[in-house]
Structure formats: structure tokens, C-alpha cells
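Please read the numbered points with the sequence and the coordinates at hand.

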Amino acid sequence: MEMQLAAVLASLALGGALIVLLFGKWWQPLADGDKRFKELDNAVEALLQLRADLLKQLEGAPEPEQPRAWLRRTQDAQDEVASVKASHDAGQLYVIRLLQYFLTTGPVAGLAEKQLKIVRAIQEQGAALLEAALATPQAPPPLLLQPEELELPPGTGSTRAYLNDALRFLGDCDAALGVWGAGGVGKTTLLKQVRDVCGRVAPFFDHVFLVAASRDCTVADLQSEVVAVLGLREAPTEQAQAAGILSFLRDKSFLLLLDGVWERPDLERVGIPQPFGVVAGRVRKVVVSSRSEAVCADMGCRNKIKMECKNEDDAWSLFEANVGEEAIRGNTQISTLARQVAEECKGLPLFLATIGRAMSNKRTPEEWGNALDKLKKSQLRSTTPGSDKSTQALVKFCLDNLESDTVRECLLTCALWPEDHNISRDELVQCWIGLGLLPNHDDVDEALRFGHTVVSVLESSRLLEQGDNHRYNMSPSDTHVRLHDVVRDAALQLAPGKWLVRAGVGLREPPRDEALWRDAQRVSLMHNVIEEAPAKAGGALSDAQPASLMLQCNRALPRKMIQAIQHFTTLTYLDLEDTGIVDTFPMEICYLVNLEFLNLSKNRILALPMELSNLSQLKYLHLRDNYYIQITIPLGLISRLGKLQVLELFTASIVSVADEYIAPVIDELETSGARMQSLGIWLDNTRDVQRLARLAPDVRTRSIQLRKLEGARSLELLSAEHTAELGSVQEGLKELVVYSADIEEIVADAHAPRLEVVKFGFLTRLRVMEWSHGAASNLREVALGACHSLTHMTWVQHLPCLELLNLSGCNGMTRLIGGVADGGSAAEEMLTFPRLRLLALLGLPKLEAIRSDGGECSFPELRRLQVRGCSRLRCIPMRPVASGQGKVRVEGDKHWWNGLQWASDDVKSCFVPVLL
């Protein structure tokens with residue numbers, strides 16, 4: 001009996017223990033959840049108190065951008081917490097809560113944990129904002145010069161007062177300054193002036209950068225601008241890019257010049273550190289320009305500068321300067337009429353300059369009177385200065401005064417690029433040729449020269465401005481142009497026929513409105529992020545028949561988008577550069593039988609189909625900078641493209657997928673007797689270069705990549721010894737790339753007057769490199785990589801046009817420029833690189849000196865210096881730059897920069913470090 005009782009008690013004890021264990025196991029997560037919700041409640045209560053404190057501090061003052069964004073995030077977090085808490089409260093019964101825990105994929109406690117992290121992060125941000133709001137505003141360090149003491153170039157007198165106000169802002173306690181006024185009144189010019197002289201007045205800024213915030217710009221667009229201007233690396237996602245920008249700028253003083261703002265951008269999402277002001281000794285300021293005073297206020301600008309149209313005297317001075325005194329002052333009647341024409345410009349600097357330049361070749365009173373009548377008939381007197389109607393009429397007058405229809409249409413096509421876009425001159429001229437805007441030339445080189453002349457004409461007319469070249473850190477640059485947004489808006493209204501232009505506005509799919517596509521002659525959707533095809537087959541595109549379509553730089557363009565345009569049979573111009581085409585050629589293109597221009601550059605195409613021969617009208621086929629070296633071209637394709645004038649297969653890529661290459665192209669050129677005005681090609685032996693030479697002048701080879709060159713010990717293509725068999729290629733060659741060969745010496749003494757770019761890589765046995773003074777005198781770009789046996793590059797000092805020098809992974813390089821024994825200059829001679837703009841020294845572990853003899857170098861045009869992996873390079877022998885030259889951006893690691901030895905503080909002050 002006792003044993004039975006003991007057994008029962010033991011069973012009860014065991015059962016009780018199991019029940020406690022089981023229910024304890026079930027109860028624990030629920031208890032943890034309750035704990036999390038209690039912590040969440042406390043965190044939300046603290047967050048609401050923080051919000052109340054911040055609102056109290058901001059009461060009665062304009063609400064700045066950063067607190068406003070934080071308050072929105074606080075409200076969103078509060079709403080989300082309420083939703084999660086409601087789910088938790090609905091399960092107060094233990095059984096219901098157990099069911100919730102086991103049956104839901106995301107337990108409520110887990111959501112509470114996630115929200116708790118979000119709320120705490122918002123608390124930290126709010127605490128920083130409250131601290132900044134409570135702190136007494138701090139002034140930056142004193143200005144080095146008072147704005148009135150600054151010496152400026154002639155011609156800035158009428159804007160001097162605005163510039164002085166903007167420069168004084170750099171030394172006061174305000175964090176943001178607004179600049180507003182009508183389009184064309186000079187806001188961008190003012191911001192550029194601030195950028196250019198800031199270092200002389202406020203040298204405490206580590207970085208001063210101007211970013212265009214054009215209409216419809218996205219966070220990604222602004223990030224791209226910031227990354228380009230600062231020379232940072234691109235990141236794959238918006239979030240990663242923001243983190244990179246924030247990490248770089250967080251501990252630096254900077255001045256952000258935000259130009260052309262139409263609505264308040266989310267600078268925090270861009271990665272710009274917040275808040276603005278003086279934070280922990282770092283000065284962060286922003287200058288915003290806009291046509292709207294309200295936008296400036298929305299950006300937190302308490303102080304604002306309103307830019308007015310010029311008064312009569314200043315307007316006349318600017319107008320007269322652009323016309324030229326000799327055209328006006330020699331005739332009293334012309335002088336009177338000229339003042340009346342100037343009055344019609346309404347004091348807007350943009351048009352005082354452009355119309356003044358348009359009238360510079362008018363020499364009779366009749367011409368001036370006719371111009372005045374035209375301006376008056378445009379009824380400008382009844383419109384507001386700077387309004388769309390006013391500016392459109394002024395742009396039309398300038399267009400009408402251009403020298404030819406060709407020049408006029410060339411200008412209008414510049415509006416196909418995004419607003420405020422820096423357009424490469426070469427890209428622009430290539431477009432004009434492809435659209436058939438330039439007169440017919442038997443020689444493509446003549447067409448290119450004519451096109452560049454047109455660019456110069458448009459620049460001198462002030463309708464095109466010099467753009468920026470971020471690669472060279474040049475602002476402005478002679479390699480790029482920009483269309484003022486006022487001129488662009490008017491050009492789109494004045495364009496002949498109907499155009500559909502949505503370039504650079506962040507589109508993720510093509511426009512759906514059928515009316516936009518219907519009858520559109522030119523369509524530009526370039527520089528977007530189109531990744532979705534039309535909603536249904538054809539869709540809005542079904543009735544479209546444009547003559548030109550520009551889709552370049554949509555890097556994930558869906559295949560269905562290309563399928564949707566296969567019925568555009570009237571298309572003569574198609575640009576699909578950098579659109580993410582991988583491996584397979586889009587066969588839909590083969591239905592576009594009227595195509596004359598096709599650009600498929602910067603894609604990953606493996607082969608061209610024979611069906612491409614359907615494009616019997618094709619004149620220009622560009623497959624430049626393809627990811628793969630080889631593109632298989634079927635035998636017979638080239639001969640069937642009977643009108644083909646330009647075949648660009650040139651690439652500097654080293655990615656190879658097969659041993660065979662495009663020899664059939666040369667076979668066909670030999671057998672068909674085809675004429676090719678410009679050929680870019682990849683070859684693997686000198687014999688094929690000789691075959692191309694024999695085809696000249698019918699076939700003109702402009703770009704060559706040579707690879708392997710088995711058995712060759714020297715580079716015959718650049719040798720005068722082989723001019724007899726290779727001379728025609730040497731004469732016309734513009735680009736040369738040599739990779740992965742056993743070449744031991746390069747003696748370049750052949751006459752190559754057009755050669756501008758040379759790149760040599762993986763020439764591990766190359767020991768001797770000599771370049772005669774007269775050979776390749778127009779060489780602009782030199783790049784070497786993995787040429788481990790070379791010890792110096794002395795020969796580059798004899799290149800008067802050199803703009804870019806890039807040396808990477810050359811393990812044996814000990815000096816950049818050798819002494820007299822290496823063919824260099826004596827130590828006491830100043831060595832000048834008159835046009836060098838970018839110098840990159842990357843992965844050169846033995847490099848110890850720029851000049852081995854310790855002599856000095858002068859780089860009057862240098863804008864960007866990249867140094868990485870050069871731990872032994874301790875000195876940059878550079879003289880102080882002229883006062884007109886911008887500072888040199890030097891990119892390297894912090895340890896290397898801190899260990900550099902400087903000849904003087906003046907030399908060091910020439911550089912702005914970007915430490916990565």
C-alpha cells in the first residue's frame with residue numbers, strides 16, 4: 001500500500017514537473033513578448049516627448065528640412081507601433097496567444113523587437129536634431145579675405161553685389177542660403193563663381209561641390225552627380241551609395257551648391273550628412289538656387305538673395321561686350337537701334353549675351369532695324385521677363401539668326417539629352433552624323449571635323465555652354481557642353497514636328513499615354529531606369545512610328561521593351577548603348593529595315609546574326625567597348641550590308657570567350673571590294689594588319705586591339721622600319737591597344753599623326769619603350785597595366801598633348817621620369833606637362849619618385865591625381881599652380897597622404913585630398 005502511494009505521488013510529481021516544464025517553455029516567449037512591448041511602450045513615450053521638445057524649440061521659426069523629415073518618420077513609426085500593438089492586445093487570452101505564436105509566420109514579439117530597433121534609431125536622430133536646435137549657433141572660422149577685397153576677372157562687376165552677399169554667408173552662422181530669380185537671370189553663374197573663389201575666401205571647406213538638381217531628378221540622379229563630382233566609387237544600390245557618400249563626408253567640412261532646384265530633395269537619402277551648420281567643429285553649408293522663393297524657404301533657407309534682371313546700364317554693358325564695340329560705335333544710327341534691341345532682352349543676362357552675339361556680324365542699320373522689328377513682333381513687351389513665353393521668343397530669335405538650318409537643327413537635338421546634362425562633344429557629333437544632320441561627306445573624318453566646328457559655332461553664339469568633365473575634375477571643360485535649361489525648354493517647344501523627350505527623369509517604364517507616342521518623330525528616353533516592359537503587347541507603343549529612338553543608359557532595359565519596338569519600321573536611328581543586353585543579339589532589331597544608325601556599344605553581345613543583313617540601309621554600326629573581345633560575325637554579313645560606312649568593333653576589354661576572332665571581316669573586305677570609312681577591330685597577328693593596310697584607302701582602319709602576337713618580339717605597327725607595308729594604317733590609326741603579348745621592346749618612330757590613345761597591358765616581358773619626338777605628336781591618352789619589366793616612362797615627357805597618364809600594376813616601375821641616362825632632362829631643367837589633366841599611379845610598389853633626379857615638374861592643367869599602392873612614393877615635386885587653376889583633387893589612402901613630404905605649404909595647398 002505504501003509502495004502504491006509512493007508510486008502515485010511520484011507520478012504526480014513527475015507530471016507536475018512536466019506540466020511546469022511544458023507550460024514554462026510555452027510561456028517564456030509570451031513573457032518575452034510582453035517584456036518587449038513594455039520596452040516599446042517606454043521607447044514610444046520617450047520619442048513623443050522628444051518630438052514635443054523639438055516642436056517647442058522650433059515654434060515660430062521656419063521648419064527646416066531635416067526636422068520635418070524626422071517628424072514624418074516619427075509619425076510613421078508611431079502608426080506602425082500602434083498596428084503591431086493592436087495585434088498583441090487582440091490576443092490577451094493565453095490560448096489565443098499560443099495559437100498566434102505557433103500559427104503565424106512572424107510572431108508579434110518579433111515585430112515588436114523590429115519596431116523597437118527602429119524607434120531607438122529615430123530617437124538617436126531626434127536627439128541630435130534637438131541638440132543642434134538647442135545649441136547656440138556657432139560661426140565658422142573667420143574668412144581669409146573680406147568679399148570686397150577679392151580681385152575678380154573683368155566682367156563680374158554687375159553681379160559683384162550678389163557674389164559678395166553669397167561669400168559673406170560662408171562666414172556667418174546660417175547653414176543654408178537661397179538664391180532665387182527668373183530663368184536666365186544668372187543663378188548658375190553665381191554658384192559657379194562661388195565655387196571658383198571659395199578657396200580664396202573660406203579655405204576651411206574640405207570640399208566645395210556643385211550639383212545640378214534638375215527638374216524630375218531622383219535620389220539616384222543626385223547620388224550620381226555627387227559621386228562623379230567628388231570622385232567616389234559607384235555602389236550597386238541607392239542605400240549603399242548613400243552610405244558611401246555619408247561615410248566620406250561625415251567628418252569633413254563641405255559647401256554644397258545645389259543648382260536649379262524645383263522641389264525639395266531628400267538630401268538625407270542622398271547621403272549628405274545632417275544637420276547643416278557648424279557641427280563638432282566641422283562646417284556644413286548649402287547654397288540653393290531656384291526660380292522659386294518658396295522652394296528656397298522649403299529648403300530651410302532663412303536668408304535669401306533675389307537676383308534681379310540687370311539695370312539699363314549693366315544690361316547695355318553686357319550686350320555691347322558680346323556684340324563688339326566696333327560693330328556699334330562706328331554708326332550713330334546702329335548705336336541707337338542697338339540700345340533698343342538690348343532693351344528687348346528684358347535685362348536677362350542669358351539673352352543679353354546670346355542675342356548680343358547673334359547681332360555681332362550685323363553691320364548695317366537695315367539689319368539692326370529688321371532685328372528690332374522681329375523682337376517687337378514677338379510681343380515680348382506684354383510678357384513677364386523670364387516667363388516661358390518671353391524666353392521662348394528670345395530663343396527663337398537667336399535660332400533664326402544662326403547661319404544655317406544645319407546649325408539650327410543641331411542645336412535643337414541637344415535638348416534630347418537630360419536637363420543640365422554634360423554632353424560629350426564626341427557623342428554629340430556622332431549623333432548628328434547618325435541623324436543625317438550634317439552635309440554628306442565622303443570622309444567620316446571630314447564629317448567629324450565639320451561637326452566639331454558646329455559645336456564651336458554654337459558655343460560662340462552662347463547657346464551652348466562649356467560643360468563639366470568629372471573624369472578630369474574639370475569645371476568647365478573643353479570636352480563637354482551643356483544646354484542651359486531655359487534654352488532647352490524653349491528648344492523642345494520649337495522643335496520641328498513632334499518629339500517625345502523624357503530623358504533622365506527616373507522612368508521605370510515607358511510612357512503609357514498613347515497620345516504622347518502618336519506621330520512622335522524623335523523619342524528620347526535615355527538615362528532612365530526602365531526595367532518594365534509596356535503593360536500589354538504593343539500597348540501605348542502600338543501606333544508609334546518614330547524616326548529616331550534613344551534608349552541608351554537604361555542599364556536593365558527589359559527584352560520585352562525591345563520586342564515592343566520591332567514594328568517601328570520607319571526607324572532610321574536607334575541607340576541601345578549600355579542597356580544590359582547579355583549574350584544573345586536581340587533579333588527584333590533585324591525587322592527595323594530602314595535603320596541607318598545602330599549603336600549597341602557597352603553591352604555583352606557574343607555574336608551577330610546573319611539576319612542583320614536585312615538592314616540594307618545601315619551606314620553606322622557601333623559595337624564599341626563590348627564586354628567580350630570577340631564578336632562572332634558570320635561570313636557574308638558585311639558584304640550584304642552594302643551601305644555600311646562605319647563598323648566599330650573596337651574594345652579595350654580583355655575578357656575572352658574563344659580563341660577564334662573576327663578574321664571573316666577582313667576576308668569579306670578583301671573579296672567584296674567594300675568601302676569602309678572607319679573600321680575598329682581586334683586582331684591577333686601582324687599579318688592581318690598588313691592585309692588591312694593593303695585595303696587602304698577603301699578601308700580606313702581607325703582603332704585596333706592587338707592580342708597575343710605570337711612570335712613577335714617588337715611592335716612592328718609603330719616602327720618606321722615597317723612603314724612600307726603598314727604605312728597606310730599608321731597614317732590613319734587613332735587608337736591602339738596591345739594586350740597579352742611577348743613583346744620585349746616598343747620603338748615608336750613611325751609617323752602616326754592621328755594616333756591619340758594607346759593602351760598596353762600584360763606585356764610582362766616589355767623592357768624597352770622609346771618614343772621619338774615626332775611620332776604620335778597628338779597622343780592624348782597613355783595607359784599601361786601589368787608591364788612588370790618596365791622601370792620608367794621617361795618618353796612621356798615628349799608628348800605635348802598628353803592629357804591622361806594611367807599606370808597600374810607595374811611591379812618593376814621605380815620612377816616615372818628618368819634622368820639624362822634614360823633620355824630625360826637634366827635635373828636643373830623644369831619639366832612641364834602642358835596639358836596633363838589626370839595622373840593615375842596605381843599598384844606600383846617600387847615607385848619611389850616622379851623624377852629620379854629630384855627635379856621639379858610643372859602641371860599647369862592637372863586636375864586629378866590618383867595614388868594607391870605606392871607606399872614608397874613620399875614626395876610630389878610640383879610647383880605651386882597659377883592662381884587661375886583650380887585645386888588638384890588627389891585620391892589616395894590616409895596613411896600615404898599623412899606621410900607625404902612637401903617642399904612647402906604652398907605646394908600642399910594645391911591639393912584637395914579625397915582619402916578612401
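**Points for review**

1. Phe762 is partly exposed, at 41% relative accessibility; buried means under 20% relative accessible area, exposed over 50% and partly exposed in between, with a 1.4 Å probe and protein chains only. Phe762 is placed in the loop between β23 (757–761) and β24 (768–771). Helices (H or I, at least four residues) and strands (E, at least two) are DSSP runs, numbered from the N terminus. The phi of Phe762 is near 55°, a positive value in a residue other than glycine.

2. The model is predicted, so that local features need pLDDT of at least 70 and side-chain atom pairs count only at pLDDT 80 or more, while totals for chains, interfaces and linings use all residues. Residues are numbered from 1 along each chain as its sequence is written, and side-chain values use heavy atoms, with hydrogens and water left out.

3. His527 belongs to the loop between β11 (520–524) and β12 (548–550), and its relative accessible area of 25% makes it partly exposed.

4. Two cis peptide bonds deserve attention. One joins Gln274 and Pro275, with omega about -5°; Pro275 is found in the loop between α9 (267–270) and β4 (277–279). Another runs from Ala696 to Pro697, with omega near 5°, and Pro697 lies in the loop between α25 (686–695) and β20 (699–708).

5. The strands β7, β9 and β8 form an open sheet in the order β7-β9-β8, with antiparallel pairing; two strands pair if DSSP finds at least two bridges between them. At the edges are β7 (423–424) and β8 (465–469), each pairing on one side only. Strand β7 is joined to β9 (residues 474–482) by 2 bridges, and these two strands run antiparallel. Within this pairing, Ser424 stands opposite His480 in β9.

6. Ser424 also caps the N-terminal end of helix α18, where a side-chain oxygen lies 3.3 Å from the backbone nitrogen of Asp426. A polar contact is a pair of N or O atoms within 3.5 Å; within protein, one must be able to donate a hydrogen and the other to accept it, and residues adjacent in sequence count only if both atoms are side-chain atoms. How is α18 (residues 425–434) placed relative to the rest of the structure? Because 7 of its 10 residues are buried, α18 is largely enclosed by the rest of the structure. The buried residues include Arg425, Leu428 and Trp432. Just after α18, Gly436 takes a positive phi of about 75°.

7. The largest nonpolar core has 123 residues, and those with the most contacts inside it are Leu736, Phe760, Trp771 and Met793. Such a core is a set of buried Ala, Val, Leu, Ile, Met, Phe, Trp, Tyr and Cys residues joined through side-chain atoms within 4.5 Å. Apart from this core lies another, of 96 residues, among them Val283, Ala338, Trp368 and Leu438. Not counting residues up to four places away in sequence, Phe760 touches several residues, including Leu715, Val738, Trp771 and Cys787; contact means heavy atoms within 4.5 Å.

8. Rings of Phe, Tyr and Trp (its six-membered ring) pair if their centres lie within 6.5 Å; planes under 30 degrees apart count as stacked, over 60 as edge-to-face and the rest as tilted. By this rule there are 13 aromatic pairs. The rings of Phe204 and Phe205 form a tilted pair, with centres 4.8 Å apart and planes at 45°. Phe204 is buried at 17% relative accessibility, and Phe205 is buried at 8%. The rings of Tyr739 and Phe762 likewise make a tilted pair, with centres 6.4 Å apart and planes at 45°. This pair links distant parts of the chain, with Tyr739 in strand β21 (residues 735–741) and Phe762 in the loop between β23 and β24, 23 residues apart. Tyr739 is buried, at 13% relative accessible area. Separately, Phe209, Phe254 and Phe276 form one aromatic cluster.

9. The charged end of Arg215 sits over the ring of Trp262, 4.0 Å from its centre, and that of Lys285 sits over the ring of Phe169, 4.3 Å from its centre. The criterion is that NZ of Lys or CZ of Arg is within 6 Å of the ring centre and within 35 degrees of the ring normal.
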